[in-house]
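Please walk through this complex with the model open beside you. We will go from domains to the chain contact, then to cores and ligand shells.

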Amino acid sequence: MEKKILTKYIDDPNQVNIDTYLSHGGYKAFEKALKEMKPSEVIEEVKKSGVRGRGGAGFPAGVKWGFIPKDNPKPRYLVCNGDESEPGTCKDRVLMESDPHGVVEGMAISSFAIGSHLAFIYIRGEFAYPARMMEKAVEEAYEKGYLGKNILGTGYDLDMIVHTGGGAYICGEESSQLNSIEGERGMSRMRPPFPAVAGLYACPTIVNNVETLAAVPFIINNGGDWYASMGTEKSKGTKLFSLSGHVKNPGHYELEMGTPLSVLINDLGGGMLDGHKLKAIIPGGSSTPMLLPDQIDVKLDYESLAEAGSMLGSGAVIVIDERTCMVWVAERLIHFYRHESCGKCTPCRDGTGWLEQLISRIERGEGQPGDIEKIESLCGNIMGRTVCPLGDAAVMPIESSIKLFRDEWEYHIQNKKCMVKSEFAFK
Amino acid sequence: MSDDSNNINLTIDGQQVSVPRGTTVLEAARSIRIDIPTFCWHPKLKPAGSCRICYVEIEKARTLMVSCATDVAPDMVVHTASEKVLQGRKAVLEFMLMNHPLDCPTCDKGGECDLQNLTFKHGVDDSRFDFKKYRHIRDKNSTFDDLRIGSEIIRNQNRCILCYKCVRANKDIFGEQDLGAYQRGNITEINTPPGEQVDSLYSGNLVEICPVGALTNTDWRYKIRVWNTQTVDSVCSYCADGCNLTLWKDKQKIYRATSRRNDNIDEGWICDVGRYGYQVPMAEDRLTTPLIKKGDSQVPATWEEALGLISEKFKKIKDERGGVCIGGLISPNLDSLSLHTFSKFFRMVLNSNNVDFRAGYKMLPEKADDLYSKLTSLPFKISDIEKSDLILVLDSDLTKEHPIVNLRVRKAVTQKNASLFALNPITTQTGGIATDEMVYNIGTLHALLNGLCISLIDQNLTQYENARDLKNKLSPNTIEEASRISGIDVARINSLAKAITEVKNISLIAGELLTSSINREQLSGAIINLCLLAGIFDKGQVGVLSQAANSKGAEKLAVMPHLSERSILKIKQIWDKYPDNDGLALDQMIRSSIKEELDSMFIIGSNLMLEYPDGAVVKEGLEKLDFLVVADICETETTQIADVVLPLSTWVEYDSSFVNLESVEQKFKAAIKPVGFSLPAYQIINKIAQGFKTPLFETIDELIPEIKTLLQPDDSQNSFENCAIEYIEEKQNPEFEIPLLITNELHHFGYFTEKSNSLSNFCSEAFLEISPGLAEKLDVKNGSIIRVESEVGKINLPVKISEYIDNDVVRAYRNFSASPVNILQMRKRNIDRVKLTVVEGT
Ligand SMILES: Cc1cc2nc3c(=O)[nH]c(=O)nc-3n(C[C@H](O)[C@H](O)[C@H](O)COP(=O)(O)O)c2cc1C
Ligand code: SF4
Ligand code: SF4
Ligand code: SF4
Ligand code: FES
């Protein structure tokens, strides 16, 4: 069932106060790192834990930290990514608003490990309350001497800045986020150089997701081996899943990696809403390919989901029941991605616009023969050809919807109406 | 296999190529003449990788790669025309054309549009896009979606392919913030912040860089199609940077000027003065025939009549009073042939050394081999600026004086990590990126430099052996005193001294405020001291920059009365003789005229009445002359009082050359025939010489070797000795206490650029720039009229409040004939001072 590590005290309303946090053993890990460990040892421990980036791509955190060039004299920065805008995802928010000191401590330890003296947490603009909680936590940490100059008398200095965004999905993408912090328009940068080499203000920068960093204090307290003892061979530890859609008990659940999807949906989520039949599952946030009902026993970990043809992504599981039109789902999603494309590169910028026009005319019952093939061809012209992964993210769910539910798409075009709904959602 | 660590071998379309590490695949391919199309790539901008047209296939890579932003790697195998690449390119074009209006027949870019060209080459004829095209509508009642985003720039967003080149160049190269991308995704638009305009000095480059017709210039729009024009290689005739231009013309009309990229100088950028300056020769009111003064009016005459009269008068003066009773002034914006011929006429025909080009300087030196000339003769290269770790700018508002040098300084600082220190009496735009911009009390630069020298000595930061000896020659001679006088903290002076000694390569740049100052010699001496102490002569370059397109040429071609031994030798070498009299500098000519010792002046291309920094004195001097000959392109305040006026051709009407501030001679070609009966200056001069039966040349070819000899660089090394520098506070009349600076306005150079419509659209009226603090004190707003009054003159000017001005200084501009601000100036005053009275608040 649930394995509450990051979320252990999430239901304690006082956890947001530093005293309560301290009484639960808070900032012990930071103290340990500062007083008993060298930065390289912290990195080693995190490498050993095998914790992978929880922002979507699943890149091993310790390995990323190791990419900072040793001989670069410029300052280094840590950026904690709290932009959380992928439809369906709502896990970082919980951590930031209910256990903000856990995030601060994770950022502090990680900053120490990579040799940074200035850390930013970038929070999406709509998250006013989580941002307030984070600000309060940072303030308290300064007051208690966990941030600022000469922390705990160790000579280590660290400042932390809470930065709120303006409400653009693309600012969750790390290089756009760096532009946004610099005061530029949120637009993705070409890579290389990767942020670890030249990121914020062209200085070495590590960007990690909130959940990734929140795991770090537990790894330092209990050891990398302890963390690695949980989960599967390639997916260690626990992960927060955001369950939404047509289930009885939507919400966030912390599970050990490798827990079957059925446990999440049926045991924790209470099964399908109003007893309807399951039609499809988007397992890792809106940009991941869909799964079919017969795949409900797939294990929730990086490798199993890849094998099943999808991705763990950010861990946002969206459950779709039989009443839902898959063309309509695709239309909602492409509308989102078209709207959120930053406009930098041609295939994503113009391609998403064209796709939205095509898909919504099919949805409206005005589709033309050949439209599906055209959509597939356009998806091919976007996939793998853009500056940042938003382009891929936009086309993956569409391709998968067509692949798995082609009959619905064809029905829409041939019969000028929907297979599952008597009325069109948008007329 | 890679042969050495710096070169990388790879294969492109089956061809082996070896290129330096860090080269992009695009550059590698182009180096072996394999063409890969691009839109968003630009040789001087960081790659953005946005347009995606430059895809290539690289073996082992999962996806198509953009060649403009992919560095070569050892043993890479690249295909630039595989089926996958061609498909990818087509797909990108298809996306770009989706919403593109395809209004090529009415688009000014037609014929030179990258999108049009690439579509012909790679595109599909039949679009699969069967929706209505998206329109960025500006005005529902208009058929066109044009939006003026700058004085001279029209935007049509529908045509924009969002390559972001304009935005990137504007920010990364020009350091401007007035253009950005708004909205997001496929409705992104290029626009200015609300209420602002793209009005920087570099704005025209944004149009030039746009690959499509999204940005167009008002001057070129709808006037002509590109295929109906011919191009001519030209050079800018305004400032001394010497940008290379292409003029686009048909018959007798020039339609536009664009950059002709020269990486040693301009790197493909030009300022708006150079871009729109071609409109001056196109002015409606050009002088087309000679005029002779008859009674109170000037009446048209033939060249024969005019030349006959001039020869007769000059001959008479020469025979009766001597050639030294005629003075000559020629504009440094004129070409080398003309400058040279002018000097030759005075020296060989009139046997006089009375030649000058320095109309705007106060108190010219009266002997040769002054310190200032020694400094200006040092070699300086614009491209070497970016090799510097530290750049020191003294007394120069670089953006206004040397727009292209300014860009190189920006590049060194923003792209190559150089540090910049700017020492100026006002805040400058360039100073915005400085490590420290020291705004010193006006007129105290040599005291500040003394402080810097003392700091080097006291902190033991110098290897100069005579340091102690030098210190005794300085006044002020303590850093505290220097700090008090200049108003710059001791700590800042000390840290600049430290910074100077810590770096390997320095560029020291000084500008107009120094050049035109009475304290020119003391300032030059102070710079020499600093260079000796900090070893700058050995580790970098010193550029006391000349101002106009051919000022450097004028110096080298000896258009000055007092010449160094070396120049005299050269002249004797080419002409066998040299007048053995002391020549008069312009200053002295005017004084001699007032004293009635000088009878006549021959002025070419200079509106001395407005240019001379003492309006009252110049008026008296010129009016007292018996015989004044003025050649110019249009009527001016100076031609109005001339006895004979000659119509002068402009640089677009003949072949010749300019010598830029680096002493590089650059040839330019005629674009059109001389307007009306006008003639190039060198022909006018020669025709007058013919009247003396001593023609200066039969064909121009005879002059070329002479010019070549004079322009040859001196190989003899200048040696420098330290100098005594004393700061003496200038006495002032307490009634007039506000210091007045007079410079060129941002979009103007000299007094003729107001004839360019485009440049006048940026600014057409003189104004007084004052600080917000002073504005508050006087209770005035932008546009309020202020009477500006000095001891010698007064003038009313509208106010403009500027963040660049510090409290106690005001600035006025010399470019507007309706507001001759030189009437406020006094030739003997180092700092002109005024009092201000509000005439009309708003
Ligand atoms: C379009 C787009 C949106 C993204 N949004 C987020 C986000 O909201 N939060 C996040 O942590 N990572 C997001 N990412 C991933 C980040 O770019 C980055 O990989 C991540 O923050 C790295 O942290 P991690 O290694 O800890 O996962 C996004 C990526 C893309 C392409
Ligand atoms: S893929 Fe989309 S979001 Fe990413 S850089 Fe290109 S246009 Fe911007
Ligand atoms: S206006 Fe021109 S230069 Fe600017 S983004 Fe559009 S196409 Fe590119
Ligand atoms: S005025 Fe100077 S900077 Fe401007 S184009 Fe001419 S030479 Fe270049
Ligand atoms: S030219 Fe390479 S992406 Fe535009």
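In chain A, 11 residues of domain 1 are in contact with 7 residues of domain 3. Two residues are in contact here if their C-beta atoms, placed from the backbone, lie within 7 Å. By class, the side of domain 1 of chain A that touches domain 3 of chain A has 6 nonpolar, 4 polar and 1 charged residues. Ala, Val, Leu, Ile, Met, Phe, Trp, Tyr, Cys and Pro count as nonpolar, Asp, Glu, Lys and Arg as charged, and the others, Gly among them, as polar. The centres of domain 1 and domain 3 of chain A, taken over C-alpha atoms, are separated by 35 Å.

A word on the ground rules. This is a predicted model, in which local features need pLDDT of at least 70, side-chain atom pairs count only at pLDDT 80 or more, and totals for chains, interfaces and linings use all residues. Residues are numbered from 1 along each chain as its sequence is written, while chains are lettered from A and ligands numbered from 1 in the order in which they are written.

Chain A is assigned domain 1 (13-228), domain 2 (238-321) and domain 3 (326-415). Chain B is divided into domain 1 (7-98), domain 2 (130-279), domain 3 (309-369 + 551-711), domain 4 (385-544) and domain 5 (726-840). These bounds come from an automatic or database domain assignment. In chain B, the contact between domain 1 and domain 2 takes 10 residues from domain 1 and 13 residues from domain 2. The domain 1 side of that contact divides into 6 nonpolar, 2 polar and 2 charged residues. The centres of domain 1 and domain 2 of chain B, taken over C-alpha atoms, lie 27 Å apart.

Next, how do the chains meet? Their contact takes 24 residues from chain A and 26 residues from chain B. On the chain A side, helix H13 (326-340), helix H14 (346-363) and helix H15 (371-382) are the elements that give two or more residues. Helices (H or I, at least four residues) and strands (E, at least two) are DSSP runs, numbered from the N terminus. H14(A) gives the most to this side, with 9 residues. The residues on the chain A side divide into 7 nonpolar, 10 polar and 7 charged.

Stay in chain A for helix H11 (residues 261-268). Which of its residues are buried? Leu261(A), Leu264(A) and Ile265(A) are. They cover an arc of only 85 degrees around the axis, which puts them on the same side of H11(A). The arc is that of the directions from the helix axis to the C-beta atoms. An α-helix has 3.6 residues a turn, so residues three or four places apart point the same way. The cover over the buried residues of H11(A) includes strands S5 (238-245), S6 (251-256), S7 (278-282) and S8 (316-321) of chain A. Just after H11(A), Gly270(A) takes a positive phi of about 80 degrees.

Buried means that 20 or more other C-beta atoms lie within 10 Å of a residue's own; exposed means 12 or fewer, partly exposed in between, with C-beta atoms placed from the backbone. Pro713(B) counts as exposed because it has 9 C-beta neighbours inside 10 Å. Pro713(B) is in the loop between helix H24 (703-711) and strand S29 (725-726) of chain B.

On to the cores. A nonpolar core is a set of buried Ala, Val, Leu, Ile, Met, Phe, Trp, Tyr and Cys residues joined through C-beta atoms within 7 Å. The largest has 220 residues, and Leu206(B), Ile391(B), Cys453(B), Ile527(B) and Leu530(B) touch the most other members. A second, separate core of 86 residues includes Val46(A), Val104(A), Phe120(A) and Leu178(A).

Finally, the ligands. A residue is near a ligand if its C-beta atom, placed from the backbone, lies within 6 Å of it. Of the 25 residues around ligand 1, Gly53(A), Gly55(A), Gly172(A), Asn209(A) and Thr212(A) come nearest. This shell draws at least three residues from each of domain 1 and domain 3 of chain A. Strand S4 (205-209) of chain A supplies its largest share, 3 residues. The shell around ligand 1 has 10 nonpolar, 9 polar and 6 charged residues.

Ligand 3 is surrounded by 14 residues, the closest being Cys160(B), Cys163(B), Cys166(B), Cys210(B) and Ala214(B). Its shell has 13 nonpolar, no polar and 1 charged residues. Around ligand 4 there are 13 residues, of which Cys236(B), Cys239(B), Cys243(B), Cys271(B) and Gly274(B) come nearest. The shell around ligand 4 divides into 10 nonpolar, 2 polar and 1 charged.
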